[in-house]
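Subject: Structure for your review

Dear colleague,

Please find below the structure that I am handing over to you.

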Amino acid sequence: MIRGSQVCFLALRGAAHTTRAFSVSSQCNTKVAVLGAAGGIGQPLSLLLKMSPLINHLALYDIVNTPGVAADLGHIESTAKVTHHQGTEQIEDALKDCDIVSIPAGLPRKPGMTRDDLFNTNATIVKNLAEACAKYCPNAIISIISNPVNSTVPIASEVFKTAGVYDKNRIFGVTTLDIVRANTFVAELKDLDVSKVKVPVVGGHSGITILPLLSQTQPKTSFTPDEIAALTDRIQNAGTEVVNAKAGAGSATLSMAYAGARFVFSLLKALRGDSGIVECGFVASDVTEAKYFSTPLELGKNGLVQNLGLGELSDYEKQKLAELMPELQKNIKKGEEFVASN
């Protein structure tokens, strides 16, 4: 007989599998750390990660409140052991022997704020956490959620370079929420099964740097010019849509936690040895003139296996690519200069 709690667990796995995030089945001896685990993204992200049978040890780190989050999650009947680590004196224990580190730490956006407005505070947070990762788990795969991703990924990369442990194939900016939103909005507009919709989103992770490649939508879908313009604008500004709807109470925490978990689950399956694992991500890149760029990526046991590039673009997408490039390059340079001057 299946107990009620098991029914809930199986239902959650079934629902998540529908959106391609939880299709895992075998256990694995893997340690994952969440840095910023007590925050608005960190808590639901940690909950989702606790459900994965591919995680043996889930280490929760923050500057406050991690004991309570760990105690709460520790009551869940899944296999991952949960440990809590609080303050800089305990970050080594959180990070040592990690396979994957997910970093959602930082301040959320409020109405009227851009991701760039968060820069000074979140840049410092990411720099400090990246320094700890470079010191205590230099071979871990780093998954950066903290905004502005266009700048925080270069910050982490520069920190790893300074420490002499840089591997461009192991540092990722999570842009998965843009893909999740694109899939959802296209499915709603065209009355499609959302579990089967795939829209690659390239570029960066803020405003006009976000470029959905609607011409490459799977299954093949046609759009009018007005639909393309409206969808592109909505995907680019979907974060602001949530910020405004929450009216000062926060930003996109639940959907971001889902997207962050989806990316980690893909990394876990790749670490397990599954083939054909593809996610879009913001990485060091030579696909365009920008030093970092988000494109579909094939993942493997050592992180990035192959950058799958842009594919064939429509004329509209080529125009938007040219338009986003100056802003993206400015964001990247800002991150690099922050490390150089600090």
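The notes below concern the cysteines, the aromatic rings and the charges placed over rings. Please bear in mind that this is a predicted model.

Cysteines

A disulfide is a covalent bond between the sulfur atoms of two cysteines. Searching the whole structure gave zero disulfides. For C98, the closest cysteine sulfur belongs to C137, and the two sulfur atoms are 5.3 Å apart, which is too far for a bond. A disulfide would need the sulfur atoms within 2.5 Å. C98 counts as buried because its relative accessibility is 7%, and buried means under 20%. C280 is also buried, at a relative accessible area of 9%.

Aromatic pairs

How many aromatic pairs does a search of the whole structure find? The search finds three. One of them is formed by F119 and F338, whose arrangement is edge-to-face, with 5.6 Å from centre to centre and 85° between the planes. This pair links distant parts of the chain: F119 belongs to helix α5 (residues 119-136) and F338 to helix α11 (residues 315-340), with 219 residues separating them. F119 and F338 are both buried.

Charges over rings

Two further contacts may be located in the view. The charged end of R234 sits over the ring of F185, at 3.7 Å from the ring centre. In the case of K161, the charged end sits over the ring of Y166, and the distance to the ring centre is 5.2 Å.

Yours sincerely,
A colleague

Technical notes
Residues are numbered from 1 along each chain as its sequence is written. This is a predicted model: local features need pLDDT of at least 70, side-chain atom pairs count only at pLDDT 80 or more; totals for chains, interfaces and linings use all residues. Side-chain values use heavy atoms; hydrogens and water are left out. Buried means under 20% relative accessible area, exposed over 50%, partly exposed in between (1.4 Å probe, protein chains only). Rings of Phe, Tyr and Trp (its six-membered ring) pair if their centres lie within 6.5 Å; planes under 30 degrees apart count as stacked, over 60 as edge-to-face and the rest as tilted. Helices (H or I, at least four residues) and strands (E, at least two) are DSSP runs, numbered from the N terminus. A charge sits over a ring if NZ of Lys or CZ of Arg is within 6 Å of the ring centre and within 35 degrees of the ring normal.
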